[in-house]
Amino acid sequence: MRTIAEINDKILNKKVIVWTIAELKARISETSITQVAKEVDVITTGTFEPMESSGAIINLGHTDPPMKIRSCWLDGIPAYSGFGAVDLYLGATQIAEDAEESKERGGGHVIEDLIAGKPINLRAVGQVTDCYPRGTFETTITRETINQFYLFNPRNSYQNFIVGVNGGERPLFTYLGPLMPNLGNAVYSNPGAISPLFNDPDLEVIGIGTRIFLGGGIGYVTWEGTQHFPLQKRLANRTPIGPAATLALIGDAKQMQSQWVRGCYFKNYGPSIMLGVGIPLPVLNEKVVANCAIQDQDIVAPVVDFSIPRRVRPTFGLVSYAQLKSGRMKIEGKVVKTAPLSSIYLSHQIALELKNWIKAREFTLTESVAPLPMDTSFLPFLER
């Protein structure tokens, strides 16, 4: 029906028709998939949720005299310095080594502050060599005073995830937040039918090189994400029944906005980062719209009991996102309150923001340079 080039021509001539994923689903309920496919050119999706496998590459620029950094701290948070002389990688979940420093503040908070333009204290220790004679350095940096500052995230935007519950006798503090004993609550992290990868289940239009909304700036899909597992079991509509595909993402953090990149903290678990990701789906054919027709009642997630301290934990079966979003579900006859870890409201806002960028000619689509693999097995770490 269409090509990326034809859609981009429409964008540049302000003739493009763009709908958010919520608008598309509403329109399908009024007419048909075939009719909708004739009407719309681009569908925008979004999610705002914790994505702890994230971090920032930072190049500081050289000091005078120059130094080869081998240990570095940003506001007391260690940054990895084991490559170029003044290149750093700051992980979102990194915490301070100093016992007096707050363990509630981590790398994600430093990244958020840098994006917001706030000053960050830098302390560095170098390996003294003939070409790098300086041994120590301390200063204050901002995003304007460093060379490169970009997010490079190994694993973002899970296609699906789990629902966490606690069948034990004591509270558990997890990467999903607190889970109350005796099935006191249930927490899910994916925003459901509006989430990007649910609407392209076989990764037919999202690939390596896809341009996206990342943290309020422009980013790209660079590779499959770590723990990418597209061979997850799937329903007849091709959506996975648990954690499946993931994406590795990159984007210039100097363009980003701190409202879409936020450091966060999970009690007794540690710091992380909340990240906004929006992905446009070009309507190249009717199948793209058919994939996007899914509703929350059409997709499911496994309910996992965290009270069992094993890699493979027992489940209480599958539950639909419609049930999760209702605020209550039943587990073995007991009514359990449910709550999302993602912000469903902000996920909608990201899809709307991306739609506005496209309509304003501030964002065009890209052809994938290669597809993401759909035949990758996930090999969990095994103790030896």
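Contact here means heavy atoms within 4.5 Å. With that in hand, let's walk through the structure. This is a predicted model, in which local features need pLDDT of at least 70, side-chain atom pairs count only at pLDDT 80 or more, and totals for chains, interfaces and linings use all residues. Residues are numbered from 1 along each chain as its sequence is written, and side-chain values use heavy atoms, with hydrogens and water left out.

Not counting residues up to four places away in sequence, Phe-149 touches Ala-56, Ile-57, Ile-58, Ile-111, Leu-114, Ile-115, Arg-143, Asp-252, Ala-253 and Lys-254. Phe-149 also belongs to the largest nonpolar core, where it is among the residues that touch the most other members, along with Leu-24, Ile-58, Leu-60, Leu-74, Ile-111 and Ile-206. A nonpolar core is a set of buried Ala, Val, Leu, Ile, Met, Phe, Trp, Tyr and Cys residues joined through side-chain atoms within 4.5 Å; buried means under 20% relative accessible area, exposed over 50%, and partly exposed in between (1.4 Å probe, protein chains only). This core has 59 residues, and strand S19 (residues 270–282) gives the most to it, with five residues. Strands are DSSP runs (E, at least two residues), numbered from the N terminus. A second, separate core of 29 residues includes Ile-4, Ile-7, Leu-172 and Cys-264.

Leu-172 leads us to Phe-306. Leaving aside neighbours within four places in sequence, Phe-306 is in contact with Leu-172, and its other partners include Ile-162, Tyr-175 and Arg-313. Phe-306 lies in the loop between S20 and S21 and is buried, with a relative accessible area of 9%.

Thr-20 sits in strand S1 (residues 18–20). Thr-20 is also buried, at a relative accessible area of 8%, and touches Ile-43, Thr-44, Ala-351, Leu-352 and Lys-355, not counting residues up to four places away in sequence.

What about the cysteines? The structure holds zero disulfides, a disulfide being a pair of cysteine sulfur atoms within 2.5 Å. The sulfur of Cys-131 is 19 Å from the closest cysteine sulfur, in Cys-72, so it is too far for a bond. Cys-131 is exposed, with a relative accessible area of 52%, whereas Cys-292 is buried, at 0%.

Definitions and conventions:
Helix = DSSP H or I, 4+ residues; strand = E, 2+ residues; numbered from the N terminus.
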